[in-house]
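Here is a short tour of one protein chain. Keep the picture open while you read, and look for each part as it comes up.

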Amino acid sequence: MKLRIKALLAAAVMAAGCIFCTGCNPMLLAMIGSAVVVPTSMGVVTDSRITSADQTAAQIRNNTTSYLTKLNSKGITMTNDYDFTLVIEIDESGRWALYGGSYGDWLDSTNHWGTDSSYDTDKENYYTAYMRDMLADLTNAYAEVHFSNGKCIGVSVIPGQTSCGNVTMPSLSDFKGTTTSAFSEKSGQSGDTIVGTAPKLDVGGYYYY
């Protein structure tokens with residue numbers, strides 16, 4: 001009896017193998033292949049978008065540092081005595097609108113940040129004008145630029161939208177390393193939103209709500 005059951009099981013396994021055989025059912029095999037390839041392709045696209053967003057964040061950080069260095073060469077320096085964050089909205093025309101920062105950030109008591117690149121046109125003395133000139137191709141993005149001790153210590157950016165929506169952005173403390181940083185599931189992605197960071201933040205306490 002046991003031998004008969006084993007024989008029937010063996011026959012069932014062989015039949016199942018025949019179903020998945022390329023020669024017997026190529027359409028089914030193609031469907032199975034697609035089910036594997038599509039998620040893999042989507043993952044590759046997502047990784048590519050994260051890489052692009054990280055590069056954008058790095059461009060913002062590098063050019064911010066260049067701007068501070070440029071002013072410093074003219075004797076214009078920051079107060080260096082507290083931490084703060086600039087919030088930036090870049091619209092489809094490439095206009096930079098800045099929130100945060102003030103004349104109190106600078107030893108000469110002049111606001112060298114500016115507030116809107118549409119009328120802050122002096123790129124030698126206004127951050128908004130300088131950044132729009134240096135990153136002329138950057139449009140439709142939301143960014144947060146973090147400063148500590150007179151230096152830009154980190155940037156986070158969401159490409160493709162001019163607000164953070166319901167995404168909790170990485171904080172200044174994340175970039176300082178004083179809190180658990182970044183992303184709960186995949187570094188650079190919060191829900192369906194891509195968030196680029198410079199320097200790159202790893203998986204940690206960052207979440208989507």
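## The pocket

Let's start with α2, which gives the most to the lining of the largest pocket: four residues. Helices (DSSP runs of H or I, at least four residues) and strands (runs of E, at least two) are numbered from the N terminus.

By type, the lining splits into five nonpolar residues, six polar and one charged. Here Ala, Val, Leu, Ile, Met, Phe, Trp, Tyr, Cys and Pro count as nonpolar, Asp, Glu, Lys and Arg as charged, and the others, Gly among them, as polar.

## What you are looking at

This is a predicted model, so local features need pLDDT of at least 70 and side-chain atom pairs count only at pLDDT 80 or more, while totals for chains, interfaces and linings use all residues. Residues are numbered from 1 along each chain as its sequence is written, and side-chain values use heavy atoms, leaving out hydrogens and water.

## The sheet

Now for the strands. Five of them make an open sheet, ordered β2-β1-β3-β4-β7, with antiparallel pairing. Two strands pair if DSSP finds at least two bridges between them. At the edges sit β2 (96-99) and β7 (196-198), each pairing on one side only. From one strand to the next, the twist averages 20°.

Helix α3 (residues 127-134) packs on this sheet and touches β1 (84-90), β2 and β3; its direction makes about 145° with that of β2. Contact means heavy atoms within 4.5 Å. For the angles, axes are lines fitted to C-alpha atoms (for helices, over the stretch in contact), and values run from 0 to 180 degrees between N-to-C directions.

## Strand by strand

Eight bridges hold β3 (residues 141-148) to β4 (residues 151-159).

β1 and β2 are joined by four bridges, and one of them links I90 to W96. They make a hairpin too, with five residues between them, and G94 in its turn has a positive phi of about 90°. Three bridges connect β4 to β7, where V157 stands opposite G196.

N80 sits in the loop between α2 and β1. Its phi is positive, about 65°, although N80 is not a glycine. Why does N80 count as partly exposed? Because its relative accessibility is 42%.

S109, in the loop between β2 and α3, also has a positive phi, near 60°. Finally, the peptide bond from A198 to P199 is cis, with omega near 0°, and P199 lies in the segment after β7.

Terms used
Buried means under 20% relative accessible area, exposed over 50%, partly exposed in between (1.4 Å probe, protein chains only).
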